There are 2 protein chains.
Amino acid sequence: MNAHYTKLMAHSRETIALSQVSELLGWDQETMMPQGAAAQRSEWMGAMEATLHARQTDPRIGEWLSALDASTELDATAKANLRLIRRSYTRNTKVSADLAVELARVTSISQGIWAQARANDDFAAFAPTLKQVLKLRREEAAALSNGGDLYDALLDDYEPGMTGAGLETLLGSLRGGLVELRDRIRGSSVSVPDLSHEFSDELQMKLANELAASFGYDYNTGRLDKAVHPFSSGSGTDTRITTRVDLANPFNCIYSTIHETGHSCYEQGINPDYLMTPIGRGVSMGVHESQSRIYENQLGRSRAFCGYLYGRMRDTFGDFGVADESSFYALVNKVGQGYIRTEADEVQYNLHILMRFDLERALISGALEVDDLEADWNERFKADFGFAVDKPSNGVLQDVHWSVGLFGYFPTYSLGNIYAGGLNEAMRAANPTLDAELAVGDTRSATRWLRENVQRFGGLYEPVDVIERATGAPVSGQPLLNYLNAKFSDIYKL
Amino acid sequence: MNAHYTKLMAHSRETIALSQVSELLGWDQETMMPQGAAAQRSEWMGAMEATLHARQTDPRIGEWLSALDASTELDATAKANLRLIRRSYTRNTKVSADLAVELARVTSISQGIWAQARANDDFAAFAPTLKQVLKLRREEAAALSNGGDLYDALLDDYEPGMTGAGLETLLGSLRGGLVELRDRIRGSSVSVPDLSHEFSDELQMKLANELAASFGYDYNTGRLDKAVHPFSSGSGTDTRITTRVDLANPFNCIYSTIHETGHSCYEQGINPDYLMTPIGRGVSMGVHESQSRIYENQLGRSRAFCGYLYGRMRDTFGDFGVADESSFYALVNKVGQGYIRTEADEVQYNLHILMRFDLERALISGALEVDDLEADWNERFKADFGFAVDKPSNGVLQDVHWSVGLFGYFPTYSLGNIYAGGLNEAMRAANPTLDAELAVGDTRSATRWLRENVQRFGGLYEPVDVIERATGAPVSGQPLLNYLNAKFSDIYKL
């Protein structure tokens, strides 16, 4: 192998190891850290960040990359690693250290200001800080964009190769169909009663552990713990998931677990030869979300799997007041009327994202001022959801993302759903008897298909290429719309 | 404050943060890490080690130190920090990178070879590796010693200021008294029956948590988990302890917990102004062990506290077959006849250490060859313990220390016991009613005395100075011998 490539990869490998250490610190902070250790922990994170930043902008990377020109003979794996290293080195060196430090400083403060403003339902108290964050992120985007579109420059960090214009077409294609489907559901005579039973913490966690395993999660290289906000963390042979327990609503624990299992199974499913190299991770936020969503929704919330889950819940909790599999299926997929994205059903979830995407893109382009954001949010919400926002904590202040500067991140949630729609269609075409397997809780052929067609590639291909190779078709919102229409027409007898 | 000092301390602070991260990785590895993550974890540890080594040998440290000469005006805290930074920089830069790498390589392999040899009871299989480790550590000692004593150079890493000759006098002064006391106990007509009851895991852990808290352990900056070998980890506002559970012997869990609580309370008790600075840690292995031992033995195994503990055990486990407080006290302090250091009672424990100290000092000086080590061990064991070693796993192969190159570490265990003896004498002189408090489980005035007189100083003074300031007397083995004689004469009616 080329000597420059060998040096570059050795340097990269140590950087990857350190970034994985940093990620473990994040996991520990949310699960194990004593409460009183927060200030000390933030010094640890800062020290790791400084170490990583120095390594990631090491001029030797530039020299090695220059030495590896187009004439260098490399295999596909090496080329993919080079592509990722080149992209991240270019990004890291384009942003000045001063700007990076200022961004880190401001976003670490602004999260607290956002939380306070949300608690007081006072957008005006958050607006000055949001302006500051936005200004810095626009500066960063300008440094990254080479005169191109600012939003595209930010998006590229989460979903390489995707553009704002491409997303506008793709996400925009969902809006009409989703609003129409939601309206038809609201007009339905089918009503789905809520649960009224208490589900013990211990039994919920027992079932959650069992479900993660049943979806192929490997506890030899993972573990499940509780956290305030469920997340998955890690890669390679150390991928950990978390969930939470709500005694009145076991679906919170169950579907958070299956969702995070999807994320971690993606990491566990990557070709082990890629471990500790740039391509040894999920390729983008969107593809990652496609895995968590397909495990959670297209598999976990399918009629077939719900039949199995209903039985396991009866075994675990006894009679919990739901009469049969059909009522259980309807309950798990109930379409409600709420303000909050994270609590939204499969139909309305993407409407939340579409709105955030359009608003944040307008903020970054300068077409929308922060001072007008609350009014625009409320107007758009009324248009898409059919009722008015009652207070900022249920509206523009509900999500943490913008406070920490995450512009360009929201659309990857819907992109994941769109990818999942296409993958589900292809997976079911490849295995017409899948539902019979899911009905007895057997996800093996589904997860094997996802592993073979998506997960194992890690970062070998660009995100869209991964999906299109798996589905054999261009990415489109239609499979997701078809799936939602069929599913909810059935449940709500439309 | 002097500008060079400020730069030096900023650099040191970030290094300390990174070393604390590395320590957390060690904790996680023993408590939380999925089994399959071992190889990946060793890459993380290596990457952290390389980062730390580069920082610790950064030539700028030498420049800052040179700029801070004797004429610089600094307060006592700054002087103490400088003393520790200077010592560690000098040590780190004296050993060549090649030797450090080779030592890390050999000791990481040799632990496995030792474990295998122990499993096979075959010292000859370990001897070649031990020779290699010894050779490298002798080379390291030569690099560190400036022509002085090799053993002293190694010892200095664990117990700064202490010498082999000083230890020979101090530890040697114990031997006669300990052997004599042990012989008298063997001649006693008092016999102490063992437990025959099963103690549930859950209740042992409940009691362990309660006991740690009762000794002043602050869960706001700590936590208790299970591990194969109990240890304490961390400093400042994140200090964690572990224990283990043996269903037949709850004293394993209880006294491991109290022991580790002593270590962690030392860290928690350090002046918070010292956090993230060189003096913000326990000053030496010996002083650390004095805290764990005084919590475990002079407090936790005292007649008064055992009376309280007996009641708590009856409350927790019901009748477990011990009739009264007096029998319980005798059981907790039973002097047995065994081969294994870690299972030894208070009387014989130090005989184990004295033997290892003499043997390892002879190995380092060259007076003893590895090929003669097993024979010398067995001969010395017979002389001090009165019976013969039956197999290497009960003899020369029982401890992991030498396999990983820890020469100079063993004596700090006994030094800790000697320090604890002196501290116990001073603490009881300052508070004649201490036993009345311990009898109701109240350790507050004892732990306050230790915090005020030992713990809060961190690394401000040299180890011996910390102890002598607290006791008001030169360090001596006599208080420990007096304590042991009085205690065991009482229990065994000598």
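1. Ala429(A) is part of helix 16 of chain A, residues 410-430; helices here are DSSP runs of H or I with at least four residues, strands are runs of E with at least two, and both are numbered from the N terminus. Ala429(A) is exposed, at 63% relative accessible area. The classes are buried for under 20% relative accessible area, exposed for over 50%, and partly exposed in between, with a 1.4 Å probe and protein chains only. Between the C-alpha atoms of Ala429(A) and Met32(A), which are 397 residues apart along the chain, the separation is 44 Å.

2. On the basis of these values: this is a predicted model, in which local features need pLDDT of at least 70, side-chain atom pairs count only at pLDDT 80 or more, and totals for chains, interfaces and linings use all residues. Residues are numbered from 1 along each chain as its sequence is written, chains are lettered from A and ligands numbered from 1 in the order in which they are written, and side-chain values use heavy atoms, with hydrogens and water left out.

3. In one of them, Asp194(B) and Lys334(B) have their closest N and O atoms 3.1 Å apart. Asp194(B) comes from the loop between helix 8 (164-186) and helix 9 (201-214) of chain B, and Lys334(B) from the loop between helix 13 and helix 14 (349-365) of chain B, so the pair ties together parts 140 residues apart in sequence. Asp194(B) is exposed at 59% relative accessible area, and Lys334(B) is partly exposed at 28%.

4. A salt bridge also joins Lys487(B) to Glu346(B), with 2.7 Å between the closest N and O atoms. Lys487(B) is in helix 20 (residues 478-491) of chain B and Glu346(B) in the loop between helix 13 and helix 14 of chain B, so parts 141 residues apart in sequence are tied together. Lys487(B) is buried, with a relative accessible area of 6%. Glu346(B) also counts as buried, at 11%.

5. Arg380(B) and Asp358(B) meet in a salt bridge at 2.8 Å, N to O. This pair links helix 15 of chain B, which holds Arg380(B), to helix 14 of chain B, which holds Asp358(B); the two residues are 22 residues apart. Arg380(B) is buried at 13% relative accessibility, while Asp358(B) is partly exposed at 32%.

6. One network of salt bridges links residues of both chains A and B: Asp28(A), Arg41(A), Asp238(B) and Arg240(B). The charged end of Arg240(B) also sits over the ring of Trp27(B), 4.3 Å from its centre; the test is NZ of Lys or CZ of Arg within 6 Å of the ring centre and within 35 degrees of the ring normal. In chain A, Arg469(A) lies over the face of Tyr461(A), 3.9 Å from the ring centre.

7. There are 50 aromatic pairs over all chains. Rings of Phe, Tyr and Trp (its six-membered ring) pair if their centres lie within 6.5 Å, and planes under 30 degrees apart count as stacked, over 60 as edge-to-face and the rest as tilted. Phe251(B) and Phe328(B) are edge-to-face, at 5.6 Å centre to centre and 65° between the planes. Phe251(B) is in helix 10 (residues 250-269) of chain B and Phe328(B) in helix 13 (residues 325-332) of chain B, so the pair ties together parts 77 residues apart in sequence. Both Phe residues, Phe251(B) and Phe328(B), are buried.

8. Trp377(B) and Trp402(B) have ring centres 6.2 Å apart and planes at 90°, so this pair is edge-to-face. Both Trp377(B) and Trp402(B) are buried. In chain A, one aromatic cluster has among its members Trp377(A), Trp402(A), Tyr158(A) and Phe410(A).

9. Chain B has an open sheet of three strands in the order 1-3-2, with mixed pairing; two strands pair if DSSP finds at least two bridges between them. Strand 1 (222-226) and strand 2 (232-235) of chain B are the edge strands, each pairing on one side only. Strand 1 and strand 3 (residues 238-243) of chain B run parallel and are joined by five bridges. Leu224(B) has Ile241(B), in strand 3 of chain B, as its bridge partner.

How values were computed
A salt bridge is a side-chain nitrogen of Lys or Arg within 4 Å of a carboxyl oxygen of Asp or Glu.
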